Amino acid sequence: MRALVPLVLGFWLSSSLTSCAREKSAASSEPVPTAASADIQAAFEVKGTAVHAVDGNRTLHYIKEIVAFGPRYAGSPGHKKFEDYLRAKLKSDSLEQDPFTFDSPEGKFSGKNFIAKFPGSRDGVIVIAGHYDTGYPLRNTTYVGANDGGSSAAILLELANHLRGKKLEGRASSPVRYSVWLVWLDAEEAMRTWTDTDSVYGSRHLAEKWKQDGTLPKIKAFILADMIGDADLNVDRATNSTPWLSNLVYKAASNLGTQSYFFQHDIGAVGDDHVPFAQHGVPVVDLIDFNYGYDNVFWHTPQDTIDKLSPKSLEIVGDVILETVRLVNARP
Ligand code: 1BN
Ligand code: ZN
């Protein structure tokens, strides 16, 4: 059984889901801090609430359902099935669809990003994003991208379970919360060979759209999850992430006791879905484990299957994302 970090005050991440009922009852039975207890908290530098909330087995189950649709490249039957699945899973949420078309070396295609919006009480947005597509060049293989595309799509679904129905507010020491938007990005993968122009079509489209409609300056943090299900979890440091946000992720992991899984290796400035947002000045962090199997042998191969993944890895990353959200909210 996962343990609660013993510095619990408040109940922000307590869940109404049965599979984490123990965490819920333990966390939600804590009293809401009074002004006085908040002072005591500050005096003793108690960090607040860091909760193990994410259910790795449920997240892994989502990945199983997703890979069963088959490959999810633009125009594929699996892509359509995933879209229907996502709409069904998020039927009670505020889900926006963001269709777009893109020109690629393989021709013109249609793509679709999805955005689930969980409102806060404070002006500003924290975006948590990941891609769900699989690579077009692998379309004639058995490739289903369990880790690459599957894990990111699934962790967002699990995070939705923890954000749903919450007002994202109510902690005495930080009574206001930014909205959280979960974004399933399409067409991250190259249609032929990865270049700046043949990749991240969905995030380039969304960053441009949010530039035009004035959303970009509202984004306080853009947290990207990519390939985070590997049983041998090592989340790398992408050096084109924003330093203060990378540091906050590390602090979040430290609060949860899982920092040894984070940032042991620098992988340089990687071209991933965070880049179009970083280019517009949005604070970004790419949480990517870019060593999948010995020497990354499972990456972009039909060996990227569910048996390589572990619920614990999904839990570690999901919990760190939620803790990072809490820490972003706690910033002045
Ligand atoms: C991640 C998964 N990417 C493609 N599939 C982007 C990427 C490419 C990230 C190279 C790091 C290095
Ligand atoms: Zn990929």
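1. Strand β4 (residues 178-185) has 7 of its 8 residues buried, where buried means that 20 or more other C-beta atoms, placed from the backbone, lie within 10 Å of the residue's own. Helices (H or I, at least four residues) and strands (E, at least two) are DSSP runs, numbered from the N terminus. This is a predicted model, in which local features need pLDDT of at least 70 and side-chain atom pairs count only at pLDDT 80 or more, while totals for chains, interfaces and linings use all residues. Residues are numbered from 1 along each chain as its sequence is written, and chains are lettered from A and ligands numbered from 1 in the order in which they are written.

2. β4 pairs with β2 (residues 107-118) in the antiparallel sense over 5 bridges and with β3 (residues 122-131) in the parallel sense over 8 bridges; pairing requires at least two DSSP bridges between two strands. Trp181 of β4 is the bridge partner of Lys117 and also of Val127.

3. What is the order of the strands in the open sheet? The 8 strands run β1-β2-β4-β3-β5-β8-β6-β7, with mixed pairing. β1 (94-104) and β7 (262-268) are at the edges with a single partner strand each, so one side of each has no neighbour in the sheet. From one strand to the next the twist averages 25 degrees, with axes as lines fitted to C-alpha atoms, for helices over the stretch in contact, and angles from 0 to 180 degrees between N-to-C directions.

4. β6 (residues 235-238) and β7 run parallel, joined by 3 bridges; Gly268 in β7 is the bridge partner of Ala238. Helix α9 (residues 311-330) packs on the sheet, touching β3, β4, β5, β6 and β8 (284-288), and its direction makes about 170 degrees with that of β5. Contact means C-beta atoms, placed from the backbone, within 7 Å.

5. Ligand 1 is surrounded by Asp148, Glu189, Trp194, Asp226, Met227, Val270, Gly271, Asp272, Ile288 and Phe290, taking residues whose C-beta atom, placed from the backbone, lies within 6 Å. This shell divides into 5 nonpolar, 1 polar and 4 charged residues; Ala, Val, Leu, Ile, Met, Phe, Trp, Tyr, Cys and Pro count as nonpolar, Asp, Glu, Lys and Arg as charged, and the others, Gly among them, as polar.

6. The protein's mean pLDDT, the predictor's confidence in each residue from 0 to 100, is 87, and 82% of the residues score at least 70. Confidence is lowest in helix α1 (residues 21-28), at a mean of 31, and highest in β8, at 99. Residues 1-47 have pLDDT below 50.

Terms used: Buried ≥ 20, exposed ≤ 12 C-beta atoms within 10 Å, placed from the backbone. Contact = placed C-beta atoms within 7 Å.
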